[in-house]
Amino acid sequence: MGKLTETIMSRKSVRTYDGKPLKEEHKKGLEEFIKDIPNPFGIPVSFLLLDAKEHGLSSPVLSGEELYVVGKVEKKPYADVAFGYSFERLVLHAWELGIGTVLIGGTMKREVFERAAGLQEGEMMPCVSPLGYPAAKRSLKESMMRKGVGADTRISGDKLFFDGEWGRALNPSDEIAELLELVHWAPSAVNKQPWRILFRDGAFHFYEKKDAGYVHESTGDLQKIDIGIALCHFVMGAESQGKTAKVTVADPCIRIPQDAEYIASVALS
Ligand SMILES: Cc1cc2nc3c(=O)[nH]c(=O)nc-3n(C[C@H](O)[C@H](O)[C@H](O)COP(=O)(O)O)c2cc1C
């Protein structure tokens, strides 16, 4: 198993932290890393580390967290997808250092975080995450929450990855199966896994299968963040296989269900 596969397959959201501050070298390293986390849409996402106590930041689902990272992006088309992509690169980088995260888009006092982040008119701050070392044992509320959303399970691949037309299961080569597995285990809001991928004419077309209740003025579309995360896993996976992944946005106009929306396409070479 490659390093990226290992990172993605072992990652879990962490909501129970050990209460210790990050080691100086880890904090410095993250400060450097967050300065520029590119995404295929060329939309800058800015990140900021905020001390929990200093800014009075908390979330009812978390315990023991000392530090948060907040992300901000200008409101425009694809801002949410770009946000998810860049944020996930940070999540994976942190996990490789033994640092836990969990994207929080709902269970927080949004105004408090937005004020601490200095959010400007025309910007949005869809999600934040704690950054810290996982506690030895999950809190009871975290265990119950994981159970509630089935956090250790995923929808089976034949319902997510299609060949030529919507609904026809893809039978991928081993290398492509590995990439789809990386998408499969991506995190998503309420573990809804809204990504669908349709392979046609040499490209992997990514779609959002929408559920009700994920679009808000202040957050954009949380499920588009999920698609950005899925894209990130797919593209990083392809790159780790030595491939070039070209991401484009040009709707191939394939027949899709009403509650689905085209997002982007990836061609591998
Ligand atoms: C866009 C997004 C928003 C999320 N918002 C919350 C949240 O508000 N509260 C929370 O406890 N978890 C939140 N999560 C974490 C998901 O519940 C979690 O990723 C999912 O249940 C799968 O579990 P795993 O990350 O351990 O694989 C969010 C995840 C994503 C991707």
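Author: The crossing of α7 and α8 is right-handed; a crossing has this hand if the near helix is turned clockwise from the far one by less than a right angle, and is left-handed if anticlockwise. Helices are DSSP runs of H or I with at least four residues, numbered from the N terminus. The model is predicted: local features need pLDDT of at least 70, side-chain atom pairs count only at pLDDT 80 or more, and totals for chains, interfaces and linings use all residues. Residues are numbered from 1 along each chain as its sequence is written.

Reader: At what angle do the axes of α7 and α8 cross?

Author: Axes are lines fitted to C-alpha atoms over the stretch in contact, with angles from 0 to 180 degrees between N-to-C directions. Those of α7 (residues 174-184) and α8 come within 8 Å and cross at roughly 150°. The two helices are therefore roughly antiparallel, a term for angles over 145 degrees.

Reader: Which residues of α7 and α8 meet?

Author: Contact requires C-beta atoms, placed from the backbone, within 7 Å. From α7, Glu178, Leu179, Leu182 and Val183 meet Ala230, His233, Phe234, Gly237 and Ala238 of α8.

Reader: How many residues surround the ligand?

Author: A residue is near a molecule if its C-beta atom, placed from the backbone, lies within 6 Å of it. Here 22 residues surround the ligand, the closest being Ser13, Gly105, Gly106, Ala151 and Pro187. Two or more residues come from each of α6 (140-149) and α8 (222-240), and α8 gives the most, with 4.

How values were computed
Parallel < 35°, antiparallel > 145°, perpendicular 65-115°, else oblique. Contact = placed C-beta atoms within 7 Å.
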